[in-house]
Amino acid sequence: MRCEAKTNTTLTSVSQLPLSHYNQKGVKREMERPHGISMRKILFVLTYAAIGVFFAWKAHAQTPLMHCQETDRGTVLCEAGFADGASAAGVPMQVLDDSGAAIAEGVMDIEGQYEFQKPESPFTVRFDAGQGLELNIYDEDIED
């Protein structure tokens, strides 16, 4: 069996063909895209989707976590960190009264702990890592 291909173009080599329209054997390929969507639009959408996923992950990774409990010494011990395992050392802590005035202030120690004398009146413990990463724990939510 003998096969022949007829073309209207004379070529000296396949390297003269635009690669986007011909395969390795020099046979023309059809490059139609469904619904007229260009490659530029597809790359644009994929790029912004990837950026959105990255920032969503980054926001989750920096989610603050904190737990406070009353000790037998009349103090409250709070332990904190971040969802991605990052340390909370040096993060500012505040103990606020009902009006929002600071009763006590300090920072998380190297182990991610902050301890303070338990106030007699209702209070709120605030963990403020900045950039909207703030947690408040109310006195009624602290374990005895």
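Guide: Here is a short tour, one feature at a time. This is a predicted model, in which local features need pLDDT of at least 70, side-chain atom pairs count only at pLDDT 80 or more, and totals for chains, interfaces and linings use all residues. Residues are numbered from 1 along each chain as its sequence is written, and side-chain values use heavy atoms, leaving out hydrogens and water.

Visitor: What pLDDT does the protein chain average?

Guide: Remember that pLDDT is the predictor's confidence in each residue, from 0 to 100. Where it is low, the predicted coordinates should not be read in detail. Here the protein chain averages 77, and 63% of the residues score at least 70. Over residues 1-5 the pLDDT is below 50, and this stretch has zero contacts (heavy atoms within 4.5 Å) beyond near neighbours in sequence. Residues 14-19 also have a pLDDT below 50, with seven contacts beyond near neighbours in sequence.

Visitor: In what order do the four strands of the open sheet come?

Guide: Strands of a sheet pair through backbone hydrogen bonds, either parallel or antiparallel. Strands here are DSSP runs (E, at least two residues), numbered from the N terminus, and two of them pair if DSSP finds at least two bridges between them. The order is β4-β3-β6-β7, with antiparallel pairing. At the edges are β4 (102-107) and β7 (134-138), each pairing on one side only. Within the sheet, β3 (residues 92-96) and β6 (residues 124-128) are joined by four bridges, and M93 has F127 as its bridge partner in β6.

Visitor: How many bridges join β1 to β2?

Guide: Seven bridges join β1 (residues 64-70) to β2 (residues 75-82), and the two run antiparallel. L65, for example, has G81 as its bridge partner in β2. Their hairpin has four residues between the strands, and G74 takes a positive phi near 80° there.

Visitor: Which residues have the most contacts inside the largest nonpolar core?

Guide: In soluble globular proteins, nonpolar side chains tend to be buried together. A nonpolar core is a set of buried (under 20% relative accessible area) Ala, Val, Leu, Ile, Met, Phe, Trp, Tyr and Cys residues joined through side-chain atoms within 4.5 Å. The largest one has 19 residues, and M66, M108, V125 and F127 have the most contacts inside it. β2 gives the most to this core, with four residues. Not counting residues up to four places away in sequence, V125 touches several residues, including M66, C78, F116 and I142.

Notes: Buried means under 20% relative accessible area, exposed over 50%, partly exposed in between (1.4 Å probe, protein chains only).
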